[in-house]
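Me: Hey, can you walk me through this one? I'm new to reading structures.

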Amino acid sequence: MSARIAVRRFPSIEEASAQLAEDVADELRRVLARAGEATLAVPGGTTPVPFLERLGAQGLPWERVLVLPTDERCVPPDHPRSNERMIRAALAPVREGRARFMPLRTEDPDPAAAARVLSGAMAGRGPIDVCVSGMGEDAHVASLFPGHPALSGDGEGAPVVVARPDGLDARLSLGPSLLAGARMRALLIAGLAKWAVLHEALESENRSRYPVRVLFGAPGSLKVYSAT
Ligand SMILES: O=C1O[C@H](COP(=O)(O)O)[C@@H](O)[C@H](O)[C@H]1O
């Protein structure tokens, strides 16, 4: 493993989530003490639920934290596949309105138009302070699936990009530069299939095949929390 990638393995998702929640809360406290405000990006899907539940129980001045998803499916916010719905349900400060939440959606039904508006909003902010990503068994990170043009340099710098994975809803995703540029980067995975694909990604140089590699080479270290 590269010295810039610190991997910790845990016997269960509960233990991985508890440690990650503590580490994220500690980092948010440091950022808040230094800068007064903090941005926190969190993943969608199913794996982060126990992490978000534990993080929400941490004593923090949540009113000074802006939470956003790393990616969103283009479905209504109350849809079972909506990442926003999952995050609101699992992260109490967002659900209760104590933390600010920036949805990765607009009223515009055209994903490309929404991505342009959201890119403008994100461009006005500095780097994300803490970004927790998840990963799929195909090595996709946020909604950057294998073969996404931004992984080969086309629109790589756009803060928010559109993804149209085969057979799935269109999505909006933070782009490679924003994910890689976060001040603290963490990756939460569970299961042997993801563990195996993470190792394939570490041994490959092919970022288009292994999108998770966008997190590897950036300045600072990547912390991996693996329940395996
Ligand atoms: O579609 C998505 O997949 C990944 C992984 O989800 P999981 O259910 O296997 O944990 C997730 O990180 C991403 O945010 C999500 O939209």
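Reply: What follows is a chat about some helices, a ligand shell and a loop.

Me: What kind of model is it?

Reply: It's a predicted model, where local features need pLDDT of at least 70, side-chain atom pairs count only at pLDDT 80 or more, and totals for chains, interfaces and linings use all residues. Residues are numbered from 1 along each chain as its sequence is written.

Me: Which residues does the UniProt domain annotation cover?

Reply: The UniProt record, an unreviewed entry, puts "domain: Glucosamine/galactosamine-6-phosphate isomerase" on residues 14-215. UniProt positions are given in the numbering used here, feature names are shortened, and annotations may be inferred rather than shown by experiment. The span is 36% helix and 17% strand, and its end C-alpha atoms lie 24 Å apart. Helices (H or I, at least four residues) and strands (E, at least two) are DSSP runs, numbered from the N terminus.

Me: OK, helices then. How many residues of α2 are buried?

Reply: Six of its eight, so α2 is mostly covered. They are P50, F51, L52, R54, L55 and G56. Buried means 20 or more other C-beta atoms lie within 10 Å of a residue's own, exposed means 12 or fewer, and partly exposed is in between, with C-beta atoms placed from the backbone.

Me: What do those buried residues of α2 pack against?

Reply: α1, β2, α3, α4 and β9 (184-190). A contact here means two C-beta atoms, placed from the backbone, within 7 Å.

Me: And which residues are buried in α3?

Reply: In α3 (residues 83-90), those are N83, E84, M86, I87 and R88. The buried residues of α3 pack against β2 (38-42), α2 (49-56), β3 (65-69), β4 (71-73) and α4 (92-95).

Me: At what angle do α2 and α3 cross?

Reply: Roughly 40 degrees, with their axes coming within 8 Å. That's why α2 counts as oblique to α3. The contact is made by V49, L52 and E53 of α2 with M86, I87 and A90 of α3. Those residues divide into five nonpolar, no polar and one charged. For the angle, axes are lines fitted to C-alpha atoms, for helices over the stretch in contact, and angles run from 0 to 180 degrees between N-to-C directions. Under 35 degrees is roughly parallel, over 145 roughly antiparallel, 65 to 115 roughly perpendicular and the rest oblique.

Me: Switching topic: which residues surround the ligand?

Reply: P43, G44, G45, T46, T47, T70, D71, N83, G134, G136, A142 and S143. A residue is near a molecule or strand if its C-beta atom, placed from the backbone, lies within 6 Å of it. By class, the shell has two nonpolar, nine polar and one charged residues. Ala, Val, Leu, Ile, Met, Phe, Trp, Tyr, Cys and Pro count as nonpolar, Asp, Glu, Lys and Arg as charged, and the others, Gly among them, as polar.

Me: A142 is in that shell. Where does A142 sit?

Reply: In the loop between β6 and β7. A142 has a positive phi, near 50 degrees, in a residue other than glycine. A142 counts as buried because it has 34 C-beta neighbours inside 10 Å.

Me: What about A139?

Reply: A139 is found in the loop between β6 (130-133) and β7 (160-163). Its phi is positive, about 75 degrees, although A139 is not a glycine. With 22 C-beta neighbours inside 10 Å, A139 is buried.

Me: Last one: is R34 buried or exposed?

Reply: Exposed, because R34 has 9 other C-beta atoms within 10 Å. R34 lies in helix α1 (residues 13-35).
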